[in-house]
Amino acid sequence: MNTIIELHNLSKVYNPKTIPVYAVNGVDLQIEEGEFTALVGPSGSGKTTLLNLIGGLDYPSGGEVKIEGVDITKMNENKLIDFRLKNIGFVFQAYNLIPVLTARENVEFVMLMQKKPKIERDKLVADLLTEVGLSDKRDSRPSELSGGQQQRVAVARALASKPRFILADEPTANLDSKSATNLLEIMAKLNKEDHMTFLFSTHDQRVIDKARRIVTLVDGKVISDTKNQPH
Amino acid sequence: MMYLLLAWRNMWRSRRRTLITISSIFFAVLFAIVMRVMMVGIFDKMISDTVSMSCGYLQIQHSGYWDNKSIDSTFEENPLLIEILNTDKRITTWNPHLESFALASTGERTKGILVTGIDQEKENRVSKLSEKISSGRYLDQNDKGILLAEGLAAYLNLKVNDTVVLLGQGYQGNTAAGKYLVKGIVKLPIPQMNKSMAWLPMQGSRDFLSTGARYTSFSLMVRDRMQVGEVKQDLLDKIAGMRATAGVNYTPGSSYTIMTWQQMLPELDQLFQAKMAQNVIMSGILYLVIAFGIFGTILMMLNERMHEFGILIAIGMKKRILAGIVVLELILMSLTGTLLGIAGAFPLVLYFRFHPVRLGGDWAKTAEKFNFSPVIQPSADLKHFIIQGYAVLSIAVVLSLYALVKINRLKAIEAINS
């Protein structure tokens, strides 16, 4: 197994000169290729901040974030954007699709930014939408899709760039039970069959139950890191 | 293509706001164009009427003529000069003049007037004098009669077939005197001219002034008023070349001088410039209103979509591409309003171009009082349409710099959380 993500003594401090608040406090963590890891913890424990740091959306106050050996904290903003496009897939909590584009166009958009040829784009879009069970909704706009369907399109979009791993910040938070289960099954299937690495934050027990590794954060610190038997 | 599609669809996300912005641009462009072409049309007509009846857009004179208007400062006919004028495609037509001031007298009334010796045919091509005859007829090739402006004829109580006596100073101190039969009365659109002008056939004028084959000026009409400076310079160069070829020790302007209509009619030019400046101020106010409208749209657009911008940057969209899409959106919006404004103005302007507004009653009298023609016909010069388009697009581009700066400073994480 290759180590994809390495965090060394990672910290993020807000208001360092007045009243310091440690959102992430000295986290050391390694994520291997093909893992299906849940980041859990109460609200304000630092889950989203940690995902943002791993995804290069925010700069840490200290420590390192290495993606396949490359320390992304040393990159400038433009290089980070490029790095994210090539290596990281994102699924956000909600409202993360472009509302004026159809499901097909939303998925294709990422490949367009990667300057992939049209033939390749068309094939991959069709494959991905089939994989997430939305081939019949390819021409629907986000407003015409349910929350669960939107999140499935978001997963397809995250996969479209052929990333090294996918970060999902509470992907089921706004979904009903059926949609949440459906989304989780798709993510688990992609992880199992395509060995796509997933790291997601959640406090949804259904999601936690599906994870094969559970990392628990409290007050920005990792307090437990356990293997789990998904059921 | 996808980026263009994205910009176009984004533009219609808030349909009502976009329609309001486009409508404001549409009306501003429409008003600005109509206002400008009407203004330019009025002045084009006024300048064209004035120069065709007086000095032309350009006038070739003997050096020093303009300062003392002496009949002694005249020049002889020169075939080389005539060839230059006939071969320049920018000069639509030209007509020779032999002008002098004289006293016109009949019965107990006398008035100082400008008598112009004309080549009937050429003059008619420029000033369409025959079409302005209100009674009597235009001068024939060998006519010995005179044409009088309507106001002058009225002052002197003269009608067609009456006789007028002219008295003035001829070439090299000769006395100029003659008695002429009134062949026609001319109604001029410019009131000032209507009170003081008379025309003799060229030969009749030469006989009156004893000048022989000499002229005071050649008045030139050009295809495009804006080309006046360029044509003048080319003519000066050609005249210099002509003299050099002829082997005469020549300094440009020593024998001939060329004057533009702006030099000869400075008051008219100043009035035109002042009105154009006034028009620019009015258009500026209109565009300021548009600018605020567009800026409001930009502010709302940026605030509403901050979260989305954050997501786009997060998934790997470069800021410059994102900014490009937003700018494209603004330009598309402005372009749509501008093109609709131009499209709306075009038939309106064309209609009034072919159906000019003829002022009547007090409006006509007031216009004439200020030397304006009572006919309002807009200019159909496409330049005025294009300038308005450029103005609005420039505003949109300048204002979109705000969006560029805002997006460039955007932090993905802050935007996502907004």
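Leaving aside neighbours within four places in sequence, which residues is A:Gln149 in contact with? Contact here means heavy atoms within 4.5 Å, and on that basis the partners of A:Gln149 are A:Leu134 and A:Lys137. A:Gln149 itself sits in helix α5 (residues 147-160) of chain A; helices (H or I, at least four residues) and strands (E, at least two) are DSSP runs, numbered from the N terminus. With a relative accessibility of 17%, A:Gln149 counts as buried, a label that means under 20% relative accessible area, while exposed means over 50% and partly exposed lies in between (1.4 Å probe, protein chains only).

The model is predicted, so local features need pLDDT of at least 70 and side-chain atom pairs count only at pLDDT 80 or more, whereas totals for chains, interfaces and linings use all residues. Residues are numbered from 1 along each chain as its sequence is written, chains are lettered from A and ligands numbered from 1 in the order in which they are written, and side-chain values use heavy atoms, with hydrogens and water left out.

Chain A contains seven helices and 10 strands. Its radius of gyration is 17 Å, close to the 17 Å that the globule rule gives for 231 residues, so chain A is as compact as a globular protein of that length. The radius is taken over C-alpha atoms, and the rule is 2.2 Å times the number of residues to the power 0.38. Along the principal axes, the C-alpha atoms of chain A fill a box of roughly 50 × 40 × 35 Å. Of the 231 residues in this chain, 56% are buried. Contacts in chain A between residues at least 6 apart in sequence join residues at least 24 apart in 68% of cases.

The surface of chain A comes next. Chain A carries 30 positive and 30 negative side chains, with the centres of the two sets 3 Å apart. Lys and Arg count as positive and Asp and Glu as negative, while His and the chain ends are not counted; each charge is placed at NZ of Lys, CZ of Arg, CG of Asp or CD of Glu.

Chain B has 16 helices and 14 strands. Its radius of gyration, 30 Å, is well over the 22 Å that the globule rule gives for 418 residues, so chain B is more spread out than a compact globule. The C-alpha trace of chain B spans about 95 × 60 × 30 Å along its principal axes. An automatic or database domain assignment supplies the domain bounds, dividing chain B into domain 1 (2-51 + 268-417) and domain 2 (56-261). The C-alpha centres of these two domains lie 46 Å apart, and 14 residues of domain 1 are in contact with 11 residues of domain 2. Buried residues make up 50% of chain B. The accessible surface of chain B is about 19,600 Å², 59% of which belongs to carbon and sulfur atoms. Chain B has 43 positive and 32 negative side chains, and the centres of the two sets are 10 Å apart.

B:Ile315 lies between α12 (306-314) and α13 (319-354) and, at 6% relative accessibility, counts as buried. Apart from neighbours within four places in sequence, B:Ile315 is in contact with A:Leu85, A:Phe90, A:Val110, A:Met113 and A:Arg157. B:Pro378, in the loop between β14 (375-376) and α15 (382-408), is buried with a relative accessible area of 0%. With neighbours within four places again set aside, the contacts of B:Pro378 include B:Val37, B:Met38 and B:Phe352.

Most residues other than glycine have a negative phi. A:Glu170, however, has a positive phi near 45°; A:Glu170 lies in the loop between β7 (165-169) and α6 (177-194) of chain A and is buried at 12% relative accessibility. B:Asn157 likewise has a positive phi, about 55°, and is found in the loop between α6 (150-155) and β7 (163-169) of chain B. B:Asn157 is exposed, with a relative accessible area of 59%.

Key
Accessible areas come from the Shrake-Rupley method with a 1.4 Å probe; for residues, only the protein chains shown count as cover.
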